[in-house]
Amino acid sequence: YPNVSLSTPLPGIPKPVFASVDGHEKHETKITTLENGLKVASQNKFGQFCTVGILVNSGSRHEAKYPSGIAHFLEKLSFSSTAQFGSKDEILLTLEKHGGICDCQTSRDTTMYAVSAEVKGLDTVVNLLSDAVLQPRLLDEEIEMTRMAVRFELEDLKMRPDPEPLLTEMIHAAAYRGNTVGLPRFCPPENVEKIDRKLLHKYLQSYYCPERMVLAGVGIEHEQLVECARKYLLNVKPVWGASTPANIDQSVAQYTGGIVKMEKDMSDVSLGPTPIPELTHIMIGLESCSFLVCCTY
């Protein structure tokens, strides 16, 4: 059609039908609470892949009664050998059959174990997640490898030109000195040798209980996810024994305010022939209302 204008429909082609967008989300989030207190939340979206994760109400802010760094260790130990899977490689090979990947991230408030895989592999995914969260072996060699990984990460934080991770740590430490979200997210160097399997089991016994967990999924049918949760998470006894939620720290964040300073010698650190310029990085934080408070304007 050399003579047809770009603003004119091509002859002989059906008139296109465009989807209308009304700005409203059509996919509803459904939530079910199982008999043991575990919540199952899902939102179904079209696609061949889904993302499923177990979120635990556990993070560095809950380490007031323990040496700081346990959440950091658990993040590094995630998806290692379990009761069903002999090694991390075996877990990765199992996920590979369903085009899946896994990840674990900890924050000051939560710990998340997540897997993305094909929808048809949902049963395998939930089984694997349950085993990774509730049945980790925590072998001596795995803990020792984690110690090495933590030491390397701490050294990397000191040498990294980007100061943002350290600034975020420092501003929390200044704002909530010695309590809840002011506790260190990264394991302090002096605690690396203190954390062992016995201490990890004691912590897991208190915080990794069904009432503090949510199984969440995107891209799957809610009923299917609830069925898998009942199958793999309802009557499962963790490797550390019965939970003791009575030992949970119920501290409320207390704002203290203050200043934290750190001087770093970057003279021997360089990304190339040009040395890193001597810069001062400052972060300022202000006390505000809790994110749990509903404010009306």
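Begin by selecting Ile284, which is found in the segment after helix 7 (222-232), where helices (H or I, at least four residues) and strands (E, at least two) are DSSP runs numbered from the N terminus. The model is a predicted one, in which local features need pLDDT of at least 70 and side-chain atom pairs count only at pLDDT 80 or more, while totals for chains, interfaces and linings use all residues. Residues are numbered from 1 along each chain as its sequence is written, and side-chain values use heavy atoms, with hydrogens and water left out.

**The segment after helix 7**

Ile284 is exposed, with a relative accessible area of 72%; buried here means under 20% relative accessible area, exposed over 50%, and partly exposed in between (1.4 Å probe, protein chains only).

A C-alpha to C-alpha distance drawn from Pro277 to Phe85 comes to 49 Å, for two residues that are 192 apart in sequence.

**The aromatic pairs**

Which kind of geometry does the pair of Tyr66 and Tyr203 show? The structure holds six aromatic pairs, and the one formed by Tyr66 and Tyr203 is edge-to-face, with 5.3 Å centre to centre and 80 degrees between the planes. Rings of Phe, Tyr and Trp (its six-membered ring) pair if their centres lie within 6.5 Å, and planes under 30 degrees apart count as stacked, over 60 as edge-to-face and the rest as tilted. Tyr66 lies in the loop between strand 3 (49-56) and helix 1 (70-77), whereas Tyr203 lies in helix 6 (residues 197-207), so the pair ties together parts that are 137 residues apart in sequence. Tyr66 is buried, with a relative accessible area of 11%, and Tyr203, at 0% relative accessibility, counts as buried too.

Next select Tyr113 and Tyr208, which form an edge-to-face aromatic pair at 6.4 Å centre to centre, with 85 degrees between the planes. Tyr113 lies in strand 5 (residues 111-118) and Tyr208 in the loop between helix 6 and strand 6 (213-218), so this pair ties together parts that are 95 residues apart in sequence. Tyr113 is buried at a relative accessible area of 3%, and Tyr208 is buried at 1%.

**The salt bridges**

The structure holds 10 salt bridges, a salt bridge being a side-chain nitrogen of Lys or Arg within 4 Å of a carboxyl oxygen of Asp or Glu. Take Lys76 and Glu153, whose closest N and O atoms are 2.7 Å apart in a salt bridge. Lys76 lies in helix 1 and Glu153 in helix 4 (residues 140-159), so the pair ties together parts that are 77 residues apart in sequence. Lys76 counts as partly exposed at 30% relative accessibility, whereas Glu153 counts as buried at 18%.

Then move to Glu193 and Arg151, which form a salt bridge with the closest N and O atoms 2.1 Å apart. Glu193 lies in the loop between helix 5 (164-175) and helix 6, and Arg151 lies in helix 4, so the pair ties together parts that are 42 residues apart in sequence. Arg151 is partly exposed, with a relative accessible area of 35%.

Select Arg160 and Asp156, whose side chains meet in a salt bridge (2.8 Å, N to O); Arg160 counts as partly exposed at 29% relative accessibility, and Asp156 is partly exposed at 30%. Salt bridges that share partners join Glu144, Arg147, Arg151 and Glu193 into one network.

**A last stop**

Finish at Gly59, found in the loop between strand 3 and helix 1, where Gly59 counts as buried at 0% relative accessibility.
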